[in-house]
Each structure stands twice: as C-alpha cells, then as structure tokens.
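Colleague: Could you take me closely through the sheet in this model, strand by strand? I'd like to know how it is put together and what lies against it.

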Amino acid sequence: MKKSLLPILFLVVSTSTFSQRKSELFAEIDTLKSRISQVEQELAKAKREISSSSAEAEALKTENASLRDANATLLGNLSNFSELSKQNSENVNKAMAALARKEKQLSGINDMISANDSTAIVSLTRIKQTLGENAKVAVEGGIISVSSSLKILFGSDTSSELTAEGKTWLAGIANIIKSNPNFKAEVEGLNITGEFGSTYNQVASVATELVTNLEIPAENIAISAKDGNFKEGINIKLQPNYKAFYAQAKESAKAAQ
C-alpha cells in the first residue's frame, strides 16, 4: 500500500508542477503577445511616420525643383531686362545725339536767317541815307523793295526812256546793290491797264541802265511785270541769293553732323 501511494504522490506532484508551469507558459505567451502587439503598433506608427516623412521629403524636393526653375526664370528675365535696358539706354543716347545734331543744324540755319534779316535792316538804313528819308522803301520776308513812280523814271506812263531824275535814282540803287553783293535784284513793273508791252519795255530799260551804264552784273538782275492791282510803278526788289543761301545751309548742316 505504501509502495502504491508513493508513485501516486509523485504523479500528483508532477501534475501539479506541470500545471503550474503550463500556467506560467500561458502567462508568458500572453505577455509576449502583448509585447508583439505593442511592437507591431510601434512599427505601424514608425511606418506611418516614415511614409509621412517620405511624402514631405518628396514635396520638398518638388518644391525645391520649382524654386530652382523659378529662380532660373527670374535670372533669365533679369538678364533680358538688363539687355533691354541697355538697348533702350543706347537708343535714348542715339536719339539725344541726333537731336543735338539737328539742333546744331537748325541753330546754324537760324543764325544765317538772322544774319540776312540783320543785313536787310542795315540795308534799309543805308537806302534811306542814299535815297533820302522820303524814299519809298519796305521790307517783307527779308526782301527789300524800293519803289519809284513811272513819272519820275520816264516822265509818263507809256514812255520807256529814262529821265535825268530817273537815272539819278537808279545810280543810287546801283550803289545799294554793289554794297550788298549777296543780294539779287529784281526789276518789277506794275501795270493797271492789262497791256504789259509797255511795262516790259520800261523794266528792260531800267535793267539795261543798271547793267550797261551802272556796271551791275547781268546775272544779278531779273525782270518781271505783273498786274499792280490799282498800283503802277517800278519796284527794285533786293532779296537774298537763295541758291547761295541753301548751299551754305547745306554745308552748315553737313558740318553739324
């Protein structure tokens, strides 16, 4: 009986010990499962954080590339703007230089016109000194016009033969022409009847006297006849040598370039 109880006791003890160890194993398993679950959660969290960081890194990479492109575009625009500004500055400088040349050209021409006007004024004074204060003299557009009646020059409206008084008057005109070699003279006849034959004879007679007897160069004398619009007589017009004036203006413009 004692021999039978001993194995049974050993079996009970062994069973009790195995049961205890089994419980401990289950507890350890539960603990391990809990730890594994916790680790898995932490791993999932880490994966989410890594994924989020990767997305942010990719976004930053894309944004950085966009910024580089924008910066390159800005630098290109600045370069283009600088070149355009340089071209505009050069164009403005060229325009200002061209304006300066034009101003210099116009200044030279204005000086020439002013000189002609001054000459006309001086000549007007000399004419009055030569022909007397009662001389019929007018200045318009830089042209000096000295007038005389047909009666003084020819004694009548139809005659073409100069009187002594007329020759004296023309001698004074010749002195005026000689003192202004840059002027051209035009003998203008005014007619109120419409019959210009006698008027042409009269202006031809005046021109012949100036050229033949008073030594005025023929190339400096021109003649014309026109309707006097209720006025008749002879006008001696002294005007600038426009051909020489324009030639001088052309040379002045070239020199100013």
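Modeller: Let's start with S1 and S2, which pair in the antiparallel sense over 5 bridges; pairing here requires at least two DSSP bridges between two strands. Within that pair, glutamate 140 has isoleucine 143 of S2 as its bridge partner. The model is a predicted one, with pLDDT of at least 70 needed for local features and 80 or more for side-chain atom pairs, while totals for chains, interfaces and linings use all residues. Residues are numbered from 1 along each chain as its sequence is written, and side-chain values use heavy atoms, without hydrogens or water.

Stepping back, the open sheet has 5 strands in the order S1-S2-S5-S3-S4, with mixed pairing. Strands are DSSP runs of E with at least two residues, helices runs of H or I with at least four, both numbered from the N terminus. S1 and strand S4 (221-227) are the edges: each has a single partner strand, so one side of each lacks a neighbour in the sheet. On average, neighbouring strands are turned by 25° against each other, direction ignored.

What lies across this sheet? Helix H4 (residues 197-213) lies across S3, S4 and S5, and runs at about 150° to S3. Contact means heavy atoms within 4.5 Å; axes are lines fitted to C-alpha atoms, for helices over the stretch in contact, with angles from 0 to 180 degrees between N-to-C directions.
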